[in-house]
Amino acid sequence: MSQPQKGVCAEPNLHAQYLLFNVVDDDFPAMREKLSRLLDLFEHFDDEHYEAMVSGVIAIGSSFWSEIYPHSKPQELVGFPDMQCEDRCAPILPCDLFIQIRADRLDICHAVGIEVLDLLRVHVELVEQVSAFRYLDGRDLTGFLDGEDNPRGMKKFDIAIVGDNDPEYTGGSYIHIQRYRHDMNRWNALALRRQEIIMGKTKEHNLPLVDSGRSSHSFRTKLTGPNGEYPSLLKQSMPYGDMLMQGLFFVSCANSSKSFRDLLHSRIFGDEMGHYDRLLDYSNAETGAAFFAPSIQFIKRHAKEYDDGKIPF
């Protein structure tokens, strides 16, 4: 049975390091072998620092997949959705690799990140790195709880992990990332009641507002999957920022790329009556990319080509 990468369905952590790379050479066999070594690296740090709950995710960009694994690709792996409506858009950041590192210790996240960069250095350029953190009791920097509707327990795997419908890629996950930048000055200038109407829930106790309307963030993001399941994706997002800039690094994991496309469409375009996600008036996406995180067995099996000189498929 194909085993998902640990970081896809891991429990929330206190810290995260997000690394985005472009591959700059064509030694793809070496890259496949080093991706396998990254899995060993994550496992080593998890064993050495078990109290930190270390986990990692390796995800391959939609445009890079056919270069590093040319024999086939996941059924629904396509480019990041190109959407724009009025002043609302989803910018695309072309990149080949996404590495997510999470732990309950900031120093461990940093140490793993350094090791990742050292291992990949001759093959890649670093496009962006974002350090993120858990804020208060799991809130976004807007002050509202984030990801409270995430699936729990084994349902995480049903929602986030590809099943037998795509046998070669069972155990993998479709990953979409966006880095949002909040306009905190404008947001904090709003009255509490106005913030709650925009979010569709109360700030302190996270209770739904019955009169928030079809433009609230809660309404526009409460979507069902192809078979009526809710939620239709697993969010692994975390806040980031410093004293000058704050935002949310959005990460979604799903067994279908359609789940994220539907979410993004609902937020940006809304419905035929013009009800879009009003939170986008105060938070703008600055990056976006689509990836696939294959199973552990997939990565290790294809790394053997480098060792054996044989094609493992």
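Which element gives the largest share of the lining of the largest pocket? I looked this up and found that α7 supplies this share, with 4 residues.

**Basis of the entries.** I note that the model is predicted, so that local features need pLDDT of at least 70 and side-chain atom pairs count only at pLDDT 80 or more, while totals for chains, interfaces and linings use all residues. Residues are numbered from 1 along each chain as its sequence is written, and side-chain values use heavy atoms, with hydrogens and water left out.

**Largest pocket.** I recorded about 610 Å³ of space in the largest pocket. Its lining holds 34 residues, and Glu148, Lys201, His217, Ser218 and Thr221 are the closest to the centre. A pocket here is an open set of points on a 1 Å grid over the protein atoms alone, where a 1.4 Å probe fits, with protein on both sides within 12 Å along at least five of seven lines; lining residues have an atom within 4 Å of a point. The volume is the space filled by probe spheres set on the points, which are joined across faces, edges and corners. I found that β7 (173-182), α7 (217-221), β10 (246-254) and α8 (258-268) each give at least two residues to this lining. Helices (H or I, at least four residues) and strands (E, at least two) are DSSP runs numbered from the N terminus. By class, I listed 13 nonpolar, 13 polar and 8 charged residues in the lining of the largest pocket.

**Second largest pocket.** I recorded about 410 Å³ of space here. Among the 27 lining residues, Pro12, Arg134, Asp146, Gly147 and Asn150 lie nearest the centre of the second largest pocket. Two or more lining residues come from each of β8 (234-235) and β9 (238-241).

**Cysteines.** I counted 0 disulfides, a disulfide being a pair of cysteine sulfur atoms within 2.5 Å. Cys9 counts as buried at 10% relative accessibility; buried means under 20% relative accessible area, with a 1.4 Å probe and protein chains only.

**Strand β2.** I saw that 7 of the 7 residues of β2 (residues 55-61) are buried. Strand β2 pairs with β5 (residues 97-103) in the antiparallel sense over 6 bridges, where pairing needs at least two DSSP bridges between the strands. Strand β2 also pairs with β11 (residues 283-293), in the antiparallel sense over 2 bridges. I noted Ile60 opposite Leu97 in β5 and opposite Phe292 in β11.

Technical notes: Nonpolar A, V, L, I, M, F, W, Y, C, P; charged D, E, K, R; others polar. Buried < 20%, exposed > 50% of the residue type's maximum accessible area, 1.4 Å probe, protein only.
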